[in-house]
Amino acid sequence: FLDTIPNNYLVVISVSNDGRITSVPLKERLKALGSVYIDSVVFTGSWAIIGKKGAAPGSVPEWFTKPYGGRVEIDTTIYKRFNDGTLLTSTIGPVGK
């Protein structure tokens, strides 16, 4: 799946408690999203990343905890400038003439 994501797309991943990543090819793909902590993920630990395909290691929001260290929280704001586009909303009204 990660191979099919276009460059510069955001990817949000989290692992908690029973999660661990042992696949070397998967770790390499996660490093290609900007991860520097993926090798620190162990059983009963937590890890989260807001990665971007093609990001340099350490350039994206990411955090981990050691075993039994509790949850991981990433608090961030992402700004993106759009030059054009559309916005679809539910009906707003009533509107006067």
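Asp3 is exposed at 52% relative accessibility. Exposed means over 50% relative accessible area, buried under 20%, and partly exposed in between, with a 1.4 Å probe and protein chains only. This is a predicted model, in which local features need pLDDT of at least 70 and side-chain atom pairs count only at pLDDT 80 or more, while totals for chains, interfaces and linings use all residues. Residues are numbered from 1 along each chain as its sequence is written, and side-chain values use heavy atoms, with hydrogens and water left out.

The side chain of Asp3 meets that of Arg29 in a salt bridge, 3.0 Å from N to O. A salt bridge here is a side-chain nitrogen of Lys or Arg within 4 Å of a carboxyl oxygen of Asp or Glu. Arg29 lies in helix H1 (residues 24-31) and Asp3 in the segment before strand S1 (10-16), so the pair ties together parts 26 residues apart in sequence. Helices (H or I, at least four residues) and strands (E, at least two) are DSSP runs, numbered from the N terminus. Arg29 is partly exposed, at 34% relative accessibility.

## Other salt bridges

The structure holds 5 salt bridges. In one of them, Lys27 pairs with Asp39, with the closest N and O atoms 3.7 Å apart. This pair links distant parts of the chain: Lys27 is in helix H1, Asp39 in the loop between H1 and S2, 12 residues apart. Lys27 is buried, with a relative accessible area of 16%. Asp39 is partly exposed, at 44% relative accessibility. Salt bridges that share partners join Lys27, Glu28, Lys31 and Asp39 into one network.

Arg71 forms a salt bridge with Glu73. Their closest N and O atoms are 3.2 Å apart. Both residues, Arg71 and Glu73, are exposed.

## Aromatic cluster

There are 3 aromatic pairs in the structure. Tyr37 and Phe64 form a tilted pair, 5.0 Å centre to centre with 45° between the planes. Rings of Phe, Tyr and Trp (its six-membered ring) pair if their centres lie within 6.5 Å; planes under 30 degrees apart count as stacked, over 60 as edge-to-face and the rest as tilted. Tyr37 sits in the loop between H1 and S2, and Phe64 in strand S3, 27 residues apart. Tyr37 is partly exposed, with a relative accessible area of 25%.

The rings of Trp63 and Phe64 also form a tilted pair, with centres 6.3 Å apart and planes at 40°. Trp63 is partly exposed, at 44% relative accessibility. Tyr37, Trp63 and Phe64 make up one aromatic cluster.

## Gly58 and its loop

Gly58 is in the loop between strand S2 (46-52) and strand S3 (62-65). Leaving aside neighbours within four places in sequence, Gly58 is in contact (heavy atoms within 4.5 Å) with Gly34 and Val36. Gly58 and Ala48 are 10 residues apart in sequence and 13 Å apart in space, C-alpha to C-alpha.

## Largest pocket

The largest pocket has about 240 Å³ of space. A pocket is an open set of points on a 1 Å grid over the protein atoms alone, where a 1.4 Å probe fits, with protein on both sides within 12 Å along at least five of seven lines; lining residues have an atom within 4 Å of a point.

The lining includes Asn8, Leu10, Ile50, Lys52, Tyr79 and Lys80. By class, the lining residues divide into 7 nonpolar, 3 polar and 2 charged. Ala, Val, Leu, Ile, Met, Phe, Trp, Tyr, Cys and Pro count as nonpolar, Asp, Glu, Lys and Arg as charged, and the others, Gly among them, as polar.

How values were computed: Points joined across faces, edges and corners; volume = space filled by probe spheres on them.
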